[in-house]
Amino acid sequence: MSTTALTAERLRADVADLLGLEPAEVAPDADLLDLGLDSMRMMSLVERWRAAGATDLEFADLAEEPRLGRWTELVTGASA
């Protein structure tokens, strides 16, 4: 799985965009559901990130632990 275009910064920006926030407002350990992320937006992130190279990513991967730090580990292999 090639995720060269998917960086921690890109993931943070994508999440922030969907939530109507600035990237700096999305902390790695924040519960994204508490910030307003819902399942439809989460699925749109899955599709966006799959198209960018995270072809093995599944909705359940994100839903299991809705925190940016965990998602960064899953998608890029790096910590947030």
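Trainee: Before we start, what are the ground rules on numbering and confidence?
Mentor: Residues are numbered from 1 along each chain as its sequence is written, and since the model is predicted, local features need pLDDT of at least 70, side-chain atom pairs count only at pLDDT 80 or more, and totals for chains, interfaces and linings use all residues. Side-chain values use heavy atoms, with hydrogens and water left out.

Trainee: OK, helices. How do α1 and α2 cross?
Mentor: The axes of α1 (residues 8–19) and α2 (residues 39–51) come within 11 Å and cross at roughly 145°. Helices here are DSSP runs of H or I with at least four residues, numbered from the N terminus. The axes are lines fitted to C-alpha atoms over the stretch in contact, and angles run from 0 to 180 degrees between N-to-C directions.

Trainee: Left-handed or right-handed?
Mentor: The α1 and α2 crossing is right-handed. That term applies if the near helix is turned clockwise from the far one by less than a right angle, and left-handed goes with anticlockwise.

Trainee: Which residues meet there?
Mentor: From α1 you have Arg 10, Leu 11, Asp 14, Val 15, Asp 17 and Leu 18, and they meet Arg 41, Ser 44, Leu 45, Arg 48 and Trp 49 of α2. Contact means heavy atoms within 4.5 Å. By class, this contact has 5 nonpolar, 1 polar and 5 charged residues. For the classes, Ala, Val, Leu, Ile, Met, Phe, Trp, Tyr, Cys and Pro are nonpolar, Asp, Glu, Lys and Arg are charged, and the others, Gly among them, are polar.

Trainee: Switching to α4. Which of its residues are buried?
Mentor: In α4 (residues 68–76), Leu 68, Gly 69, Trp 71, Thr 72 and Val 75 are buried. Buried is under 20% relative accessible area, exposed is over 50%, and partly exposed is in between, using a 1.4 Å probe and protein chains only.

Trainee: And why do they end up on the same side of α4?
Mentor: Because they cover an arc of only 160° around the axis. The arc is taken from the directions from the helix axis to the C-beta atoms.

Trainee: What do they pack against?
Mentor: The buried residues of α4 pack against α1, α2 and α3. After α4 comes Gly 77, with a positive phi near 85°.

Trainee: How many aromatic pairs turn up?
Mentor: A search of the whole structure finds 1. The ring centres of Trp 49 and Trp 71 are 6.0 Å apart and the planes sit at 75°, so the pair is edge-to-face. Rings of Phe, Tyr and Trp (its six-membered ring) pair with centres within 6.5 Å, and planes under 30 degrees apart are stacked, over 60 edge-to-face, the rest tilted.

Trainee: Where do those two Trp residues lie?
Mentor: Trp 49 is in α2 and Trp 71 in α4, so the pair ties together parts 22 residues apart in sequence. Both Trp 49 and Trp 71 are buried.

Trainee: Thr 55, buried or exposed?
Mentor: Exposed, with a relative accessible area of 51%. Thr 55 sits in the loop between α2 and α3 (59–64).

Trainee: Last one: what does Val 26 touch?
Mentor: Leaving aside neighbours within four places in sequence, Val 26 contacts Arg 12, Val 15, Ala 16, Leu 21, Leu 32, Leu 35 and Leu 68. Val 26 lies in the loop between α1 and α2 and is buried at 0% relative accessibility. Ala 16, in α1, is buried too, with a relative accessible area of 0%.
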